[in-house]
Amino acid sequence: MAISNKPAYAKLDDLYLDPLNPRLGRTNIGPNVKQETILKLMEDWNLEELAVSFLESGVFWIQESILVIEEQLYGKMQKVVLEGNRRVAALSYLRDAFAGKPASRKWRDMVEGVKPLPKLF
């Protein structure tokens, strides 16, 4: 059952990638898998395509909402992404690149000379 049928906004830092996402691979999932590990595992998921789209077109459309559930994670209640993990990961990589901590040269090059979108972070 839905908690709310109205869109709500959350800060990127308040969203947690799903450590039980089966796309991570059977040996890489579990409630204790760290967020940094999950993000690293997602590096090869074509996140750059999403990031370029965000930079060119904006971040969110209501029909592409991220679905989140509040549940126990890492010892407290967290907002865990059920649908939209790739989008959240791409935004995380973009945020780091804009902050001068790009995951790779391609992320640094992607944001070079680009002004961060105000609603992005």
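Guide: Gladly! In what follows, helices (H or I, at least four residues) and strands (E, at least two) are DSSP runs, numbered from the N terminus. Please keep in mind that this is a predicted model.

Visitor: Which residues of helix 2 are buried?

Guide: Buried means under 20% relative accessible area. In helix 2, that group consists of Leu47, Glu48, Leu50, Ala51, Phe54 and Leu55.

Visitor: How wide an arc do they cover around the axis?

Guide: An α-helix has 3.6 residues a turn, so residues three or four places apart point the same way. The buried residues of helix 2 are Leu47, Glu48, Leu50, Ala51, Phe54 and Leu55. They sit on the same side of helix 2, because the arc they cover around the axis is only 160°.

Visitor: Which exposed residues are on the face turned away from the buried side of helix 2?

Guide: Exposed means over 50% relative accessible area. On the face of helix 2 turned away from its buried side, the exposed residues are Glu49 and Glu56.

Visitor: And which helices are included in what covers the buried residues of helix 2?

Guide: Two can be named here, one at residues 85-98 and one at residues 105-111. What covers the buried residues of helix 2 includes helix 3 and helix 4.

Visitor: Now for the loops. Is Lys34 buried or exposed?

Guide: Lys34 lies in the loop between strand 1 (15-16) and helix 1 (35-41). The cut-off for the exposed class is over 50%. Since its relative accessibility is 55%, Lys34 counts as exposed.

Visitor: How far apart in space are Lys34 and Tyr16?

Guide: Along the sequence, Lys34 and Tyr16 are 18 residues apart. In space, C-alpha to C-alpha, the separation of Lys34 and Tyr16 is 9.9 Å.

Visitor: What is phi of Asn46 near?

Guide: Asn46 belongs to the loop between helix 1 and helix 2, and it is partly exposed at 43% relative accessible area. Asn46 is a residue other than glycine with a positive phi, near 55°.

Visitor: Where is Tyr74 placed?

Guide: Tyr74 also has a positive phi in a residue other than glycine, near 55°. At 32% relative accessibility, Tyr74 counts as partly exposed. Its place is in the loop between strand 2 (67-73) and strand 3 (76-83).

Visitor: What is the N to O distance between Arg105 and Asp109?

Guide: Both Arg105 and Asp109 lie in helix 4, four residues apart, about one turn of the helix. Arg105 is exposed at 60% relative accessibility, and Asp109 is partly exposed at 36%. Their side chains meet in a salt bridge, with an N to O distance of 3.7 Å.

Technical notes
Residues are numbered from 1 along each chain as its sequence is written. This is a predicted model: local features need pLDDT of at least 70, side-chain atom pairs count only at pLDDT 80 or more; totals for chains, interfaces and linings use all residues. Side-chain values use heavy atoms; hydrogens and water are left out. Buried means under 20% relative accessible area, exposed over 50%, partly exposed in between (1.4 Å probe, protein chains only). The arc is that of the directions from the helix axis to the C-beta atoms. Contact means heavy atoms within 4.5 Å. A salt bridge is a side-chain nitrogen of Lys or Arg within 4 Å of a carboxyl oxygen of Asp or Glu.
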